[in-house]
Amino acid sequence: MTNRTDPAQIFREESAELLAELESTLLLLEARPDDRDLLDTAFRALHTIKGSGAMFGFDAAAAFTHHLESAFDRMRTGALAPNSVLIGVALAAKDHIRALIETPALADAAEGDRLLALVAAQTDAPGAAPSPSVASNLVQGADSPVRAWRIRFRLAPDAMERGTNPLLLLDELRGLGDATVRAVTDAVPPLEELDPSRCALAWDVTLTTAEPLSTIQDVFIFVMDDTDLTIDAVAPDAPAGVEAPPAPAQPIIPLASAARTDTVATRPPQSAPVPASGERAAAANANTASSIRVPAERLDDLMDQVGELVIAQARLKQLIGASTDLQIKSVAEEIERLSNGLRDITMGIRMVPIGSLFGRFRRLVRDLSQELGKDVALTMSGEDTELDKTMIERLNDPLIHIIRNSLDHGLETADQRSAGGKPPQGHIHLSARHAGTQVLITIRDDGRGLDRERIRAKAEEQELIQPGAKLSDAELFQLIFHPGFSTARTLTSLSGRGVGMDVVKRTIDALRGTIDIASTPNRGTEITLGLPLTLAIIDGLLVRVGRGRYVIPLFAVEECVELPPMADSRQTGRNFLNIRGALVPFIRLRESFAVTHPPDIYQKVVIISTGERRVGLVVDQVLGDHQTVIKSMSKLHADVANFSGATILGDGSVALILDIGQLVAAGQAVGQTVEPQRAAS
Amino acid sequence: MTDSLSQSFEALTLNLGGELFAIDANCVHEILDLIPQTDVPGAHPFVDRLINVRGKVVPLADLRIKFDMERTPPTIDTRIVVVEITLDDEPTVVGLLADKVYEVTTIGGASIEKTPDIGMRWRPDFIRGIGKRGADFIVIPDIVRILSVH
């Protein structure tokens, strides 16, 4: 709770988003260097990070960002053309800014200096028109005589509310050399109109220092954008300005008598804002109007409450069903309509487009392909497909693993590709789409494909399968998710240690998702992740076993059939069903759950599947479909297998949700113990 | 719940298998009449059921199992005491079955004695102390300990 009001924490969160936006913008900019909008977006992100960073005490980050921002400002004005080297440096600089913000203690100052030097090298490259300030820096840097400067500045009226302390600025100026400070009070209103929280003063400082102009400018680095600032060099033989009465007129006019004038007007007169800042303000307005920031826990609470409302409404509906009072019935229907609408909206709040996740992989692919010396293009489709926010966060790691694997093992080098008659550039495609109640995320590469023989050999070596066992492709490919399974011949920094793919499997299982792999030798591999739309609600099939009612996630259900009396009477031995020619093992839930209640005469079998593996679950009765709010089980039931959670039914009682992965594995175990018998008979 | 029992505390007294028990009243959320329960196949008999407490799925624990008492069928006096305790640093809400609930009362620190080493049918680590109340003995169970040990 305390974090929510900690401004530094808010800044960290905000800057993380801004940096992510910056990164994707930079990568796009690399492809389209002429795009003004992209430049503006990048500049705005840097500008905001600098401004808020300074406000919340991230001075190192703000100072560093300032230099990068200057470079982008020059690109915006056309003084400098974006090129891939500059973008590469900017990307590295972005990482450095992140380090400065998140772990300032660990940030490498030398790295920062190196990056700044690279930025400077790029911005000073021939062909770029040197800006006045850079030129003066060079002049000042060459010989640094003691000079007199006249500095006049007027802070924005609300500067103090925003955390600027003019005293600190003045102290900093005094620290540079011999300073004479005079306050300009002409704008101070009469006492009755005076608002003590607003800054009506301006200052006129005469500073004699050996420091260059840029050092003086750096004092104002964090307030520059809202400050009327004039810095004039005063010729040593013309110190008239010091004694001169304050210029009564606003805005302050640079002294004509100055031998050389370097004017830095970061903010033009109020009446004529530069287009850029106007644009920026408009963008900020648009942002505040279209989105607000809400802590995720609050959304979770809302979801819980709505879930309970839906349950209560279902109970009301049941009670009303018997009633003949039309008025009450119409109210109940109204409540049903409202609560369904509320549920849909609440679920929608948590949904974010998956593009925000996909965007992060551009950088990954760019960096990895450079490291591996492979030319790889990443394309995407379906970025606007929406998925639960929590889900998106948790998909990050598995997708990184899969993409790394594709790059490292799947895709060949350009030479190998050319030799194989493929275009030298490798291709990875990310796509997302809705399919029923699921979202399908596909990662496709056009590399060499999975090596069936090597997977088989490895699996036999690790005794995961019996030598010569007949496996379908899907079954074979599932083996790569086994912990410690790696067919890579050599270890690289990226992959080959056999960890990774089992992490993918575990994460996707935890999200109640499925993984399908299709691979064609020399044509590539396609991995498809099937995920539920949300973690909070699932569509389930409600079944009865004995007296207990259970929910089977609907996405796993293939069909329901009646258990043939023949199979039913065989209480032991072959627990197999013939489903259109395929043998499907089945589990009697009555036995698994040790039910004593007498069985129904006609037992039903619900066929469930993950990927290509199928298992039948024998139940007493299929009750129908049921949309359900998932509640996790407490720690006290952590050791209970077969269930992934619980839910509350319309009548207020609790029903358990069956754990599909667990049951399928159990069913496969049944199948394997029976298989040798079948072969022998 | 405090570790030290030397101070007096507010306790809810209840009956389990004919014995008088006391639970720290501060951790009690509410007391419910019997409500529909759902069996959890495969769970330890001690926590083999779930209940719905105001939209939350809560495990229902039967302390009688841990004290080797007979699992008698519920009567008109049977209640569910909903308590919140800390298990592995996580607040956990658990329902406790009670054959009968009496009252909230103050148990004086002076009247509490350490668990005697002998003469006990039960695991000594499940008991935090024995209080005296007139001629009656009151068992003060260590709920966290009981729920942590399977």
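1. Helix H6 of chain A. A:Gly112, A:Leu115, A:Val119, A:Gln122 and A:Thr123 are buried in H6(A). Viewed down the axis of H6(A), these buried residues fall within an arc of 95°, so they line one face of the helix. The other side of H6(A) carries exposed residues: A:Ala110, A:Asp113, A:Ala117 and A:Ala121. The model is predicted, and this holds for every point below. For the packing, the buried residues of H6(A) sit against H4 and H5 of chain A.

2. An α-helix has 3.6 residues a turn, so residues three or four places apart point the same way. In H6(A), A:Leu115 and A:Val119 are among the buried residues. Exposed residues on the other side of H6(A) include A:Asp113 and A:Ala117.

3. Helix H5 of chain A. H5(A) covers residues 84-102. It has 19 residues, and the distance from its first C-alpha to its last is 27 Å, close to the 27 Å expected at 1.5 Å a residue. The buried residues of H5(A) are A:Leu86, A:Ile87, A:Val89, A:Ala90, A:Ala93, A:Lys94, A:His96, A:Ile97, A:Arg98, A:Leu100 and A:Ile101. Note that A:Lys94, A:His96 and A:Arg98 are on that list. What surrounds them? The cover over the buried residues of H5(A) includes helix H2 (7-31), helix H3 (36-55), helix H4 (59-76) and helix H6 (109-123) of chain A.

4. A five-strand sheet in chain A. The sheet is open, with strand order E6-E8-E9-E11-E10 and mixed pairing. Strand E6 (376-381) and strand E10 (514-520) of chain A are the edge strands, each pairing on one side only. On average, neighbouring strands are turned by 15° against each other, direction ignored. How do E10(A) and strand E11 of chain A pair? They run antiparallel, over seven bridges. A:Ser519 has its bridge partner in E11(A), namely A:Thr525.

5. Helix H14 on that sheet. Helix H14 (residues 355-372) of chain A packs on the sheet and touches E6 and strand E8 (426-435) of chain A. The direction of H14(A) makes about 170° with that of E6(A). Its 18 residues should span 26 Å at 1.5 Å a residue; the end C-alpha atoms are 26 Å apart, which agrees.

6. The two sides of H14. Which residues of H14(A) are buried? They are A:Leu357, A:Phe358, A:Phe361, A:Val365 and A:Leu368. Seen down the axis of H14(A), the buried residues fall within an arc of 85°, so they line one face of the helix. Their cover includes E6, helix H15 (389-410) and E8 of chain A. The face of H14(A) turned away from the buried side carries the exposed residues A:Asp367 and A:Gln370. Just after H14(A) comes A:Gly373, with a positive phi of about 65°.

7. Two backbone angles to look at. Most residues other than glycine have a negative phi. A:Arg580 is not a glycine, yet its phi is positive, about 45°. A:Arg580 sits in the loop between strand E15 (576-579) and strand E16 (582-588) of chain A. Is A:Arg580 buried or exposed? A:Arg580 is exposed, with 6 other C-beta atoms within 10 Å. B:Asp68 is likewise not a glycine and has a positive phi of about 55°. The loop that holds B:Asp68 runs between helix H1 (63-66) and strand E7 (79-87) of chain B. B:Asp68 is exposed, with 10 other C-beta atoms within 10 Å.

8. Chain B overall. Chain B has two helices and twelve strands. From the N terminus, its elements run β-β-β-β-β-β-α-β-β-β-β-β-β-α. Of the 150 residues in chain B, 28% are buried. Among contacts in chain B between residues at least 6 apart in sequence, 55% join residues at least 24 apart.

9. The contact between the chains. Chain B gives 21 residues to the contact and chain A gives 21 residues. On the side of chain B that touches chain A, the elements giving two or more residues are strand E4 (38-39), strand E5 (49-53), strand E6 (56-61) and strand E8 (90-98) of chain B. That side of chain B divides into twelve nonpolar, five polar and four charged residues.

Notes: Residues numbered from 1 in each chain as written. Chains lettered and ligands numbered in written order. Predicted model: local features only at pLDDT ≥ 70, side-chain atom pairs only at ≥ 80, totals over all residues. Contact = placed C-beta atoms within 7 Å. Helix = DSSP H or I, 4+ residues; strand = E, 2+ residues; numbered from the N terminus. Nonpolar A, V, L, I, M, F, W, Y, C, P; charged D, E, K, R; others polar. Buried ≥ 20, exposed ≤ 12 C-beta atoms within 10 Å, placed from the backbone. Expected span 1.5 Å × (residues − 1). Pairing = 2+ DSSP bridges. Axes fitted to C-alpha atoms, helices over the stretch in contact; angles between N-to-C directions. Arc of directions from axis to C-beta.
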